[in-house]
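Come along as I go through it entry by entry.

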Amino acid sequence: MQQPGGCCSKDAVDTDGYGPYQGGRVAAAGIAFELFVTEILRRDPETQLVSASLLDRAPYETADYGTDFVVLRRSKTLLVEAKAATPQTSRRLAEQSHQLQSAGRVYTEQHPGEPEPGLVPAFPGVLPQSKRAAAAQQNLEIWDGPYLRSKAERLDITVPPGIAFGDEAGLVPGYDLASRLTGIRPGVTDWPAYEKYCEDLLSFLFVPPLNPPIPQSRDERHVNRRDYILPNYAVDGSFWHFMRTHYEAHLVVAEVKNLRRGPGKDEILQVANYLNPRGTGLFALILARADLDQTARWICREQWVQHSKLIVGLNDEDVVQMVRTRTGGGDPAELVRQKIEDFRLGI
């Protein structure tokens, strides 16, 4: 097996995540995850590995269709693309689907008369149900963290950090946060319960590197009452360090909206009023039960373009996805990062 820098043995799998590799953390994470998937495919009796990008020679063919793996399973060809970054937004999932669809067309052109190949995105996290449904409509077979973890455990392969667990509610710390959310009804009656839930959630997801949330923070004139403030003193080169340096996220504002609808224009303007470069900073999260409505999304764009105020909405599906990412050893802030990138790429 070809190893970067020649530092690993032929059969080594980097189960520590990054250790044996030189260079950037992101690149190393990608290599480690791809090696993990390679090892599963090599040992799984249900699959026959035709080619793999990290093998020094392909077992049967060297054709490149634009994916990491070509696999045979019960006489059906699968094109598998392994990505260390889970597609946590609709845009990211669509991009990965487009890549696999393109690879499928190349394969079909080179193998006329054969059945169309199966298209498989592999990643360490999980998808919420709505995105799984979208993937199914695009004929994608999802190999997510729980699927890969189950395969690895049956094949006696060490599972590296960051691979999500399944639905072991109550067995893994934090899973009660996923189930607890379903018992909180949108609306005024359960608003206090939702606020308390969000305080526990923020602590579980982001502390550390952020400091514990400060509840009911008011400005000096008692005009603005921010639901939660998470002081950001991260200095480790992490996502939150980057956010403080580049987006002035000195004190992360987290606003809670237990509405029966998605937040609209008024809610965005309220949060935007809390942001000040000489006060909390210029970054806020809105935790709500549903997505921002169309007007709210436009106001977020306006606040960013005109005032450099960055506001990101998180709904129930996002929350559950981040909890599952965190329990699997991954970074829940990855979803926030992808949302910010999608937002800016859309301008």
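Is Glu81 buried or exposed? I looked this up to begin with, keeping in mind that the model is predicted. Glu81 has a relative accessibility of 6%, so I wrote it down as buried, the cut-off being under 20%.

**Entry: the partner of Glu81**

I then checked what the side chain of Glu81 meets, and found a salt bridge with Lys83, at 3.5 Å from N to O. Lys83 has a relative accessible area of 29%, so I put it down as partly exposed.

**Entry: a pair in the helix H1**

I counted salt bridges next, and the count comes to 20. One that I followed up joins Arg42 and Glu39, with 3.9 Å from N to O. Why are Arg42 and Glu39 separated by about one helical turn? They are three residues apart in helix H1, which covers residues 25-43. Arg42 counts as partly exposed, at 38% relative accessibility, while Glu39 is buried, at 8%.

My next stop was Glu334 and Arg337, whose side chains meet in a salt bridge of 2.3 Å from N to O. Both residues lie in helix H11, three residues apart, about one turn of the helix. Glu334 is buried, with 17% relative accessibility, and Arg337 is partly exposed, with a relative accessible area of 26%.

**Entry: H10 against H11**

While I was at H11, I looked at how helix H10 packs with it. A reminder to myself: two packed helices are described by the angle between their axes and the distance between the axes. H10 spans residues 316-327 and H11 spans residues 333-345. Their axes come within 8 Å and cross at roughly 135 degrees. That angle makes H10 oblique to H11. On the H10 side, the contact is made by Asp318, Gln321 and Met322; on the H11 side, by Leu335, Val336 and Lys339. I sorted these contact residues by type and got three nonpolar, one polar and two charged.

**Entry: the nonpolar cores**

Which residues touch the most other members of the largest nonpolar core? I found Phe206, Trp240 and Phe283, in a core of 55 residues. Helix H6, residues 191-206, gives the most to this core, with eight residues. I listed what Trp240 touches, leaving out residues up to four places away in sequence: Phe206, Pro209, Leu210, Asn232, Ala234, Val252, Phe283 and Ala333. There is also a second, separate core, with 21 residues, and Leu41, Phe69, Leu78 and Ile163 are among them.

**Entry: two cis bonds in a row of entries**

I went through the peptide bonds and the phi angles with a general rule in mind: most residues other than glycine have a negative phi, and most peptide bonds are trans. A cis peptide bond joins Val207 and Pro208, with omega at about -20 degrees. Another cis bond joins Pro208 and Pro209, with omega at about 15 degrees. Where is Pro208 found? I placed it in the loop between H6 and strand E5, which is 214-218. Pro209 is found in the loop between H6 and E5 as well.

**Entry: positive phi**

Asn139 is not a glycine, and yet I read a positive phi of about 60 degrees for it. Asn139 is found in the loop between helix H3 (129-137) and helix H4 (145-154). With a relative accessible area of 62%, Asn139 is exposed. Glu248 has a positive phi too, near 55 degrees. Its place is the loop between helix H7 (239-247) and strand E7 (251-257). Glu248 is partly exposed, with a relative accessible area of 28%.

**Entry: Arg73**

I kept Arg73 for the end. Arg73 is found in strand E2, residues 69-73. Is Arg73 buried or exposed? At 14% relative accessibility, it counts as buried. Setting aside neighbours within four places in sequence, I found Arg73 in contact with Glu46, Thr47, Leu78, Glu141 and Trp143. Leu78 was already in my notes, as one of the residues in the second core.

Conventions:
Residues numbered from 1 in each chain as written. Predicted model: local features only at pLDDT ≥ 70, side-chain atom pairs only at ≥ 80, totals over all residues. Heavy atoms only, no water. Axes fitted to C-alpha atoms, helices over the stretch in contact; angles between N-to-C directions. Helix = DSSP H or I, 4+ residues; strand = E, 2+ residues; numbered from the N terminus. Parallel < 35°, antiparallel > 145°, perpendicular 65-115°, else oblique. Contact = heavy atoms within 4.5 Å. Nonpolar A, V, L, I, M, F, W, Y, C, P; charged D, E, K, R; others polar. Core = buried A, V, L, I, M, F, W, Y, C linked by side-chain atoms within 4.5 Å. Buried < 20%, exposed > 50% of the residue type's maximum accessible area, 1.4 Å probe, protein only. Salt bridge = Lys/Arg side-chain N within 4 Å of Asp/Glu carboxyl O.
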